[in-house]
Amino acid sequence: MKFVDEVSIRLVGGRGGSGCVSFRREKYVPKGGPDGGDGGRGGDVILEASDKKHTLLDFRHRSVFRAPAGAHGQGQNRHGRSGDDLILQVPVGTVAKDPRTEQVLADLSVNGCRWTAARGGLGGKGNAHFVSSTHRVPRFAQEGQEGEDLEVLLELKLIADAGLVGFPNAGKSTLIASVSAARPKIADYPFTTLVPNLGVVRHKDYPPFVMADVPGLLEGAHRGTGLGTRFLRHLERCRILVHLIDITQVTGKDYLGAFRRIERELSLYSKEMEKKRRIVVLNKVDLATDPDALEEIFRAHQEAGYPVFRVSALKRKGLEELLECITSLLRDSEPFEQPFCDRREEG
Ligand SMILES: Nc1nc2c(ncn2[C@@H]2O[C@H](COP(=O)(O)OP(=O)(O)OP(=O)(O)O)[C@@H](O)[C@H]2O)c(=O)[nH]1
Ligand SMILES: [Mg+2]
């Protein structure tokens, strides 16, 4: 399945039906009064978060979505039927923004929550409404109103408990494959992973948690290098970060070089990202040739102040302790904050 996490679309509420101009005509009732009914309301366009959707692919091939119009009013005071609402399902974690100002319009992060994006137009009043003592025979009715017409940018931000970060080739996909049923592509070249993968991790009797494998970051990611901001976005809603380091890439005495370069990208991206709790994982220990050097790398990272683990994602070594630490951090950390679903409704 193709993964699409950003689309620009136009949403248009249904047009209201027009009011009717009509006069009562019946046998033995001369000059029956006006009896034109009102037009029906146009339907609203509503976005609904659904856990059955995983990508914004449905919006890729079509860019304008219109709700049905209301029906016109008719004689004998018959009102037009309202247009049905158009309900568009989006994946949980979709954020709707104004494409010009980037202002967040709605944040659909809970399954089932809805946002009325474009309201339908009101129906016009029929001529029966316009009778007055001075105006007995109104020969006019109102037109239906246009529905709201809105351009929105939809961005999908995955929601996960633990997000894997690191340079390309660090072994993130190998790790998620070793601890969950996710089967991402794994290969010995950078940028094997181009779209995020989610995996559910079950460890002992702890509640299962969701791990996200996000494509590797490069220096300059916070500015967009290597699609960095697009990938970093998926880490915004991870409760904790698991920073993976390929020990074979740690060279000379610059033990913390790789670690600091990724950390810098995270803090330049946002304050929230910088504040997230995290775990450092030194991966590929099966390739370590010098145990003393490995010990030094380990100590240097410990001094940075985070829990550090030595693992081999490939050989499945050290993973139990790592999962133990992730589950205990998750138990102590705040659940993802409940976002608002319908800003307009609140206002
Ligand atoms: N020896 C050894 N190789 C590993 C280990 N973990 C991963 N690898 C290898 O490292 C290479 C990259 O692994 P991936 O899991 O694709 O790395 P990634 O971080 O997902 O890379 P990108 O998706 O490109 O960002 C693959 O050839 C893996 O087999 C490990 O613990 N030991
Ligand atoms: Mg990968």
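Helices and strands are here taken as DSSP runs, a helix being H or I with at least four residues and a strand being E with at least two, and both are numbered from the N terminus. The model is a predicted one, in which local features need pLDDT of at least 70 and side-chain atom pairs count only at pLDDT 80 or more, while totals for chains, interfaces and linings use all residues. Residues are numbered from 1 along each chain as its sequence is written, and chains are lettered from A and ligands numbered from 1 in the order in which they are written.

**The sheet around β13**

Strands β12 and β13 run parallel and are joined by seven bridges, where two strands are said to pair if DSSP finds at least two bridges between them. On the way to β14, V281 stands opposite F309, and three bridges link β13 with β14, again in the parallel sense. Further along, L164 has V242 of β12 as its bridge partner. The parallel pairings can be set side by side.

| Strand pair | Bridges |
|---|---|
| β9 (residues 160-165) and β12 (residues 238-246) | five bridges |
| β12 and β13 | seven bridges |
| β13 and β14 | three bridges |

These strands belong to an open sheet of six, in the order β10-β11-β9-β12-β13-β14, and the pairing in it is mixed. Because β10 (197-201) and β14 (308-310) stand at the edges with a single partner strand each, one side of each is left without a neighbour in the sheet. On average, neighbouring strands of this sheet are turned by 25° against each other, direction ignored, the axes being lines fitted to C-alpha atoms and angles running from 0 to 180 degrees between N-to-C directions.

Which strand is largely enclosed by the rest of the structure? That strand is β13 (residues 277-283), because five of its seven residues are buried. A residue is called buried if 20 or more other C-beta atoms lie within 10 Å of its own, exposed if 12 or fewer do, and partly exposed in between, with C-beta atoms placed from the backbone.

**Helix α6**

Helix α6 (residues 319-332) has 14 residues and reaches 20 Å from its first C-alpha to its last, close to the 20 Å expected at 1.5 Å a residue; the expected span is 1.5 Å times one less than the number of residues. In α6, the residues L322, L323, I326 and T327 are buried. Seen down the axis, the buried residues of α6 fall within an arc of 130°, so they line one face of the helix, the arc being that of the directions from the helix axis to the C-beta atoms. The face of α6 turned away from this buried side carries the exposed residues S328, R331 and D332.

**Residues in loops**

R15, found in the loop between β1 (6-12) and β2 (45-50), is buried, with 25 other C-beta atoms within 10 Å. The C-alpha atoms of R15 and Q145 are separated by 5.9 Å, although the two residues are 130 residues apart along the chain.

Most residues other than glycine have a negative phi. Q76, in the loop between β3 (64-66) and β4 (86-91), has a positive phi of about 55° although it is not a glycine, and E102, in the loop between β5 (94-97) and β6 (104-108), has a positive phi of about 70°. Q76 counts as partly exposed, with 13 C-beta neighbours inside 10 Å, whereas E102 is exposed, with 9 other C-beta atoms within 10 Å.
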